[in-house]
Amino acid sequence: MEKQKTTNIILFSGDYDKAMAAYIIANGAAAYDHKVTIFHTFWGLNALRKDEALKTEKGFLEKMFGKMMPRGADKMGISKMNFAGIGPKLIKKVIKKHNALTLPQLIEMAQEQEIKLVACTMTMDLLGLKQEELLDNIELAGVAAYLADAEDGNVNLFI
């Protein structure tokens with residue numbers, strides 16, 4: 001019997017379009033029966049943040065990071081042609097026009113396909129993010145856990 005193929009993605013970018021690409025690839029790989037992991041680190045963690053603000057115990061710097069970073073996938077900027085915040089509105093209009101899925105919908109689809117969504121614990125500590133600020137059913141792990149998944153991976157991507 002053939003071993004199940006795996007796809008592992010490190011999502012480092014906090015850009016809407018790059019995160020969208022990562023989730024399109026992940027959902028496509030899952031549809032091809034790959035076991036898929038997306039390891040969210042640094043600005044990629046913003047895709048996993050809940051939209052609403054939660055009261056949590058944080059220091060001054062962690063509170064500032066929380067205020068400066070986008071709260072949730074739908075609030076992320078785009079990598080090119082951001083145009084002081086107009087770019088994301090334009091890309092979302094194009095997405096809607098073509099009946100494509102938005103980033104929040106792609107994340108929901110990934111969860112339905114049992115794609116393993118992992119938040120980097122070291123980065124969460126650095127940025128002051130708490131587990132309760134993330135979407136439900138997100139795994140927390142460090143780099144060693146990602147490397148264990150990626151070691152035998154058929155596809156390993158850094159986005």
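Reply: First, a term: buried means under 20% relative accessible area, exposed over 50%, and partly exposed in between (1.4 Å probe, protein chains only). The model is predicted, so local features need pLDDT of at least 70, side-chain atom pairs count only at pLDDT 80 or more, and totals for chains, interfaces and linings use all residues. Residues are numbered from 1 along each chain as its sequence is written, and side-chain values use heavy atoms, with hydrogens and water left out.

Me: How far apart are the closest N and O atoms of Asp-15 and Lys-18?
Reply: A salt bridge is a side-chain nitrogen of Lys or Arg within 4 Å of a carboxyl oxygen of Asp or Glu. Asp-15 is partly exposed at 22% relative accessibility. Lys-18 is partly exposed too, at 36%. The two form a salt bridge, with closest N and O atoms apart by 3.7 Å.

Me: How many residues apart in sequence are the parts that Lys-50 and Asp-136 tie together?
Reply: Lys-50 forms a salt bridge with Asp-136, with 3.9 Å between the closest N and O atoms. Helices (H or I, at least four residues) and strands (E, at least two) are DSSP runs, numbered from the N terminus. Lys-50 sits in the loop between strand S2 (35–40) and helix H2 (60–68), and Asp-136 in the loop between helix H5 (121–127) and strand S4 (139–141), so the pair ties together parts whose separation in sequence is 86 residues.

Me: Which residue forms a salt bridge with Asp-149?
Reply: The closest N and O atoms of this pair are 2.9 Å apart. Asp-149 lies in helix H6 (residues 143–151), and its partner is 33 residues away in strand S3 (residues 116–120).

Me: What is the volume of the largest pocket?
Reply: On a 1 Å grid over the protein atoms alone, a cavity is a set of points where a 1.4 Å probe fits but cannot get out, and a pocket is an open set with protein on both sides within 12 Å along at least five of seven lines; lining residues have an atom within 4 Å of a point. Grid points are joined across faces, edges and corners, and a volume is the space filled by probe spheres set on the points. The lining of the largest pocket includes Arg-49, Lys-63 and Glu-133. Its volume is about 240 Å³.

Me: How far is Lys-63 from Leu-127 in space, C-alpha to C-alpha?
Reply: Lys-63 is in helix H2 and is partly exposed at 43% relative accessibility. In sequence, Lys-63 and Leu-127 are 64 residues apart. In space, their C-alpha atoms are apart by 8.8 Å.

Me: What is the phi of Asn-99?
Reply: Most residues other than glycine have a negative phi. Asn-99 lies in the loop between H3 and helix H4 (103–112). It is exposed, with a relative accessible area of 71%. Its phi is positive, near 55°.

Me: Where is Asn-137?
Reply: Asn-137 also has a positive phi, near 65°. Its relative accessible area is 73%, so it counts as exposed. Its place is the loop between H5 and S4.
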